[in-house]
Number of protein chains: 2
Amino acid sequence: MNTDQSNFFDSVCKQARRAALLQSAAETLEWDERTGMPPKASEYRAQQISTLNAMVHELRTDETYGENLESLSQQIDTSQPNDIAATVRGLTRDWRRNRKLPTDLVKRISTARVRGQQVWDESRRADDFAIFAPVLKEMVSLQRESGDRMAEGTDRDAYGALLDTYEPDAKTAELQQVFDELRTPLVQLIAEIRDAPRQPKIEILERDFPVDAQKRFSRWVAEQIGFDFQRGRLDETSHPFCTTLGPHDCRILSRYESNWLPGGLFGTMHEAGHGMYEQGLRTDDWFGLPPGSYGSLGIHESQSRLWENQIGRSRSFWRWLYPHAQNYFSSSLSGVDPEDFFFAINTIRPSLIRVEADEATYNLHILIRFDLEQALINGTLSVADLPEAWNERYRSDLGITPPSDADGVLQDVHWSAGLFGYFPTYTLGNVISAQLHDAAAEQLGDLDAMFAQGNFQPLLQWLRENVHTHGQCLSQTDLVKQTTGASLSATSLIEYLRSKLRPLYGLTG
Amino acid sequence: MNTDQSNFFDSVCKQARRAALLQSAAETLEWDERTGMPPKASEYRAQQISTLNAMVHELRTDETYGENLESLSQQIDTSQPNDIAATVRGLTRDWRRNRKLPTDLVKRISTARVRGQQVWDESRRADDFAIFAPVLKEMVSLQRESGDRMAEGTDRDAYGALLDTYEPDAKTAELQQVFDELRTPLVQLIAEIRDAPRQPKIEILERDFPVDAQKRFSRWVAEQIGFDFQRGRLDETSHPFCTTLGPHDCRILSRYESNWLPGGLFGTMHEAGHGMYEQGLRTDDWFGLPPGSYGSLGIHESQSRLWENQIGRSRSFWRWLYPHAQNYFSSSLSGVDPEDFFFAINTIRPSLIRVEADEATYNLHILIRFDLEQALINGTLSVADLPEAWNERYRSDLGITPPSDADGVLQDVHWSAGLFGYFPTYTLGNVISAQLHDAAAEQLGDLDAMFAQGNFQPLLQWLRENVHTHGQCLSQTDLVKQTTGASLSATSLIEYLRSKLRPLYGLTG
């Protein structure tokens, strides 16, 4: 860069860093809200957060800031995978998208989100979709408008533009193709398992597992796999999540039930996977800027799923962990055969609720939502017809009929919060996690032998170098290609599930 | 107010509320920092807090804001005790004070505070005053400059102006007079107690009191005396404090040691006293504005001391609480005579460390600091001579010689943080708490009978109406006069201590 370019670059970075600082302050307030803020504090807390967010929005849509970015975009080859190019590319992209949305629309969406979540909650409690229908209809229309505007001047349609918000550069058709690849073998595998000769003894996991012991156990496991507690912490909340409050401050949150061991443990491993990704970003130099920010939600989810499932539900992992688990939960696990335990945590069973689903059927829940939300945004499905379409798909894909809308179409908060194009990133994460696991195994040798000894450092290091460090310098597509040598594909996931689950369930051939 | 005045008034209130909102966000970040933030997050956290504080400062020193305030000040009778007058008076006062301090001086003080606390910490660990001396010297000079500037155009000297920061409208000479009133009877009482025929069995309090039980007990007591957990919470930290993060969000923090029961319990009652004051302010309408803000540090401390000492160390309170305490700590307290327990928590014994001092000797610690910090600011005592002056006063006033500077002149963080004029508010709080207690007893009847039944509602209600609700509408002087019918005076405090302690220690006559 010449001196002028350098000055522009420094100026936009400074502004983006300031926006990130204020945003991280707002996120700290949100973390506090979700970990124990006094009940009556919520109204003012909402004001604090929205004031900070408005400041962030102002900084990110500022005219001079945008002009500097546009000028840099013209002078620099932003297609390069280096930090400067990624910074200009990412910031310009965000600025342009923000600029396409009129302030009035942003405000209407923001209001509709707050109202939407309230009414959704009410509607779900009353088990009455009719209460939610009008606000969902408005939200669909606002999201369509927002998608249409963001799509202007691109080759995307409205849904594609919404998807692009969460999964930059991903195309609807490409995802559709990968999901189609996944659907048939998955449905087949799940059907086989349903009628399999062996079935797990799930009651092992429903015994008494004192919450205090679960907390200590989960924390210890998170530490062992590599979550850095000098740069993060683990807390309790009602809806687990992971949030980053600074370059060296990543908070993960989990939830524990005394009669269900997998919830707290795998929830913690899932969030620790997200957390280790955040801790592996180059935040020292690039916090709040594209090189130091996560690549996409799909990549993020690949990290959580890798630790939760590929590792957390593997036999080799439990070869190491099981004796420790027996120490923590001696009264419930003493005398339980390790193989029975391992089988139980790999229970596959179609169920109603996405967030409680196992790692195989989970994807069917997502595929349903992906199809339905596209149809809603494209206008081929009306909100009035949504519950019937939902139930129909649950019958055909999972073989179960939701007994009520509360446990059916009303189960997720996402659409009420305006999150259209978000769901597919969950299954995308599963797909990528399996591809990454295969690539790591190929390059690092016997991963199972390492896990059986509680040695996760080589894998974590590999993820640091091949995934985390890139931030937004590589798109999801390029990251998968560069790291695995192949394009996005469902093959690894299908193979992973088949090869682990079929023998467990006594399926041969 | 006419329309113009109304518009000005709305505009300054809006700006002050915005400043309060950003400040409360910064304080939330600080609360988080002191309750469990990951160790490596501190550098960025400091940036977040200072960025928010800089925004607050900008809002509060804004030119137009000040002009509006000045114009209102000329048009409204600000001597009235009503909300509008108090708002204009308080905001104008703050604006003028801020304006008198050049930005450069504010920055130098801010840097010196950070550096001062670091070097103080280092110096105390090394037990070497020489390390701290140069930064303290600089801090004294900065504070003197700041005091001089704030004193310009007033009848105050530099120290008086610093005092005014924490205790608005209080005069050094008036405090000096009340403290002088207090000194001789206090020194005499403490000497009598030292040689008294009966002495407490303090080991009762040094038995094993499991920290978990202490936490539950302290929380329960805080709830019983009236701290509202719907609008606040209680946490653990290394240096207990109370902070308000919104109109309905007051956080109190305490600390527990397994072999010292009084620390955690009375620490919690102390902070709950602060917290109940904050919860009694009219924050619904006036959060962040003078009518909804605490009157002075002295008033604040009167509330914490009232609950900690006048109530928490009274016989009637323990008539109610002791059986509960025996339930919480059955192994350590079963068989302990209530009277022995009560005597033990009223142990009076000169000691080195202010924060560990009992309610009588505590004031002597403050009187020493009050005299020494005045001499430092006035230039009649040099920093080089401070340790000797400190030790000399401990010998003469408390009869003990600090064995080291670490446990002597280096024990408090205050001066390193630039807090000159702050110490006297502690004893002022003790003085006021005794006056308020007497007034409440006179107006409410038999307080002891109420406490003996665990009934604190009448007293809390009286404090709400007579103290809390006034916010900054009444100065400390006016508040004491209006509520107690008398001027500030040490008589109540002396009488309270003598009448409780002399019989306990078997002193007659």
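Visitor: Which residues line the largest cavity?

Guide: In this predicted model, the lining of the largest cavity is made up of Trp120(A), Phe132(A), Trp390(A), Val409(A), Leu410(A), Asp412(A), His414(A), Trp415(A) and Phe423(A). Sorted by class, that lining has seven nonpolar residues, one polar and one charged, and the volume it surrounds is about 60 Å³.

Visitor: What lines the second largest cavity?

Guide: Here the lining residues belong to chain B, namely Trp120(B), Phe132(B), Arg369(B), Trp390(B), Val409(B), Asp412(B), Trp415(B), Ser416(B) and Phe423(B); by class, six are nonpolar, one is polar and two are charged.

Visitor: Let us turn to the annotated site. Which residue does UniProt list for "active site"?

Guide: The UniProt record, an unreviewed entry, lists Glu271(A) under that heading, and such annotations may be inferred rather than shown by experiment. Within chain A, Glu271(A) is found in helix α10, which covers residues 261-280.

Visitor: Is Glu271(A) buried or exposed, and why?

Guide: A residue is called buried when its relative accessible area is under 20%; Glu271(A) counts as buried because its relative accessibility is 8%.

Visitor: Which residues does Glu271(A) touch?

Guide: Leaving aside residues up to four places away in sequence, Glu271(A) touches Pro240(A), Phe241(A), Cys242(A), Ile252(A) and Leu253(A).

Key:
Residues numbered from 1 in each chain as written. Chains lettered and ligands numbered in written order. Predicted model: local features only at pLDDT ≥ 70, side-chain atom pairs only at ≥ 80, totals over all residues. Heavy atoms only, no water. Helix = DSSP H or I, 4+ residues; strand = E, 2+ residues; numbered from the N terminus. Buried < 20%, exposed > 50% of the residue type's maximum accessible area, 1.4 Å probe, protein only. Contact = heavy atoms within 4.5 Å. 1 Å grid on protein atoms, 1.4 Å probe; cavity = no way out; pocket = protein on both sides within 12 Å on 5 of 7 lines; lining within 4 Å. Points joined across faces, edges and corners; volume = space filled by probe spheres on them. Nonpolar A, V, L, I, M, F, W, Y, C, P; charged D, E, K, R; others polar.
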